[in-house]
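Reader: Could you walk me through this model, going one topic at a time? I may jump around a bit.

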Amino acid sequence: MAEFGSITERLDRNHFEPDEEESHIEVDQAAAKATGAGPLLVRICPAHVYSIQAHGSVGVTYQACLECGTCLAVAPPGTLRWHYPRGGLGVSYREG
Amino acid sequence: MVVEQEPTEVDFDAIVIGGGVAGTVCAYQLAKESRSVLLIDRGAEVGSKNLSGGVFYCRVMEQAFPGFVEEAPVERVINRNCVSFLSPTSFVNIDYWDQRLSEPVNAVTVLRTKLDAWLCEQCENAGVVVMPGVRVDSLIMEGGQVVGVRAGEDELRAHVVVAADGVNSFLAQDAGIRAKEPTKHLAVGVKSVVKLPREVIEDRFNLTGNQGAAYAMVGDCTQSVAGGGFMYTNRDSISIGVVLRLDDLEAKGLTSSEVHDHFLAHPAIAPFLKDGELLEYGCHLTIEDGPAMVKHDLTRPGLVIIGDAAGFTLNTGLTIRGMDLAAASAIAAATAVIKALDANDFSQAAMDVYQQELDKSFVGADMKTYERAPAFLENSLMYEELGLLMSDVFHGVFNLDLTPRKHLLATARMAFKKSPIKVKQMVGIGLAAVRAL
């Protein structure tokens, strides 16, 4: 499997049109801390959008989002605001 | 002065949101009957957000597009189905090849960006106004009736809105129809498309011409997370990945991408992919318990919900179906919408004709037939112990280690002794399977 590279390297092959003005994902850091949602988001996201930062907050690389909605489905209530990116932006699959 | 009663001002007879199989088929059916239709998709191109495992049980498409298999960009005709139990050291298969599955064609593999682009083209040719790159933000409600959609500053009005916006359907939530789905109803699919020369695929999977193979697996492919692995042949690539039920993935504390990688690196699987080039890594949320999900309403005055947005997906253990149900629900919805337009009646009763049309078709029947399949598939023994048990039985038979041989019954008995599955349980699983699946 090493031959396909890291997830970041794999996503580099996909076509993304990132929304430079706004993120479609917002983590409520206090709620995430209270519920321990961070590690769950990190594990569950196939695109590795979420990361735990040095000071314990949840980092979001929304530009890499594949827009599946898995994080929203598992996130404890109140920890995550997630909607689709604005029209025409985000990932464009070439195979699907 | 007589004020003439203005008929309700609309921009279109119908607005369809979402350019997947459900949305495009519905829009096409409506346009073919000379209704004015707008198809909105949030992707830069229609279909660019869409992803499927890839097997399409496509007989239903003949109803909308006669000659579908010849005309549409399909990958391979699936006439070889393998059901596999994977353990860390073994790969036990039921390998079913049957020429009858290609005469007529029963299932094909597809890559969605190609298929959906074609479906969109059919829509345009039939007169559908296609609007890609637009995200619909909400429904416009007036007096309890859906009368249009809002996208940013824009408002567009129609007699009927068709929500075909996929598994996450924010529009169904907006209409108050769907609440947050329990995680055990959902699964995440993580998929790679691996490019290989056509001849290599045909050799590795024992295929001729445009024929193809589809593997559905349980066991070590998901590191025992409820769900399964799949491997499908395309023309010159392989679609391979895992489907992981969210409640179990969460409970087992595993990382979705690592489970995917573990599967592709399995010693029985890796040789299929050897020297392949990764074309795409993607993921998609999917439905594990469609029958439970579709129990919510499917309509409101002026609104119908079709495809994944409604919950039309079936995992029967052996077949995993979504696109065929999407197409059939779209055809049922189009029939209902045409009747409503003819009668100029968009009330709840008029929209509920959709439910009646579904009940008349295989969709309604199959959703009922497989109602108990998800509960059966919740049996955790399926995802680890069963595969181990089967491989131990076969290992006992084929491993001639110079110890005196035992009859098959004694060999099986020994395998059962080692396994936490009791014979009685196994009989129970077997009986439950033939009833639920």
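Reader: Which residues is A:Ala47 in contact with, leaving aside its neighbours within four places in sequence?
Author: A:Ala47 is in contact with A:Ile7, A:Leu11, A:Ala64, A:Cys65 and A:Leu66, and also with B:Cys283, where contact means that the C-beta atoms of two residues, placed from the backbone, lie within 7 Å. This is a predicted model, in which local features need pLDDT of at least 70 and side-chain atom pairs count only at pLDDT 80 or more, while totals for chains, interfaces and linings use all residues. Residues are numbered from 1 along each chain as its sequence is written, and chains are lettered from A, with ligands numbered from 1, in the order in which they are written.

Reader: And where is A:Ala47 placed, and is A:Ala47 buried or exposed?
Author: A:Ala47 lies in the loop between α3 and β3 (50-52) of chain A, with helices (H or I, at least four residues) and strands (E, at least two) being DSSP runs numbered from the N terminus. A:Ala47 is buried because 27 other C-beta atoms are within 10 Å; the cut-offs are 20 or more for buried, 12 or fewer for exposed, and partly exposed in between, with C-beta atoms placed from the backbone.

Reader: How many residues does each chain give to the contact?
Author: Chain A gives 31 residues and chain B gives 44. On the chain A side, the elements giving two or more residues are α1 (7-11), α3 (37-44) and α4 (70-74).

Reader: What ipTM does the predictor give the complex?
Author: The predictor gives an ipTM of 0.97, together with a pTM of 0.95. For chain B the mean pLDDT, the predictor's confidence in each residue from 0 to 100, is 95, and 98% of the residues reach 70 or more.

Reader: Switching to chain B, what does the secondary structure come to?
Author: Chain B has 18 helices and 19 strands. Its radius of gyration, taken over C-alpha atoms, is 24 Å, close to the 22 Å that the globule rule (2.2 Å times the number of residues to the power 0.38) gives for 437 residues, so chain B is as compact as a globular protein of that length. Along its principal axes, the C-alpha trace of chain B spans about 105 × 45 × 40 Å.

Reader: What share of chain B is buried?
Author: Buried residues make up 55% of the 437 residues in chain B.
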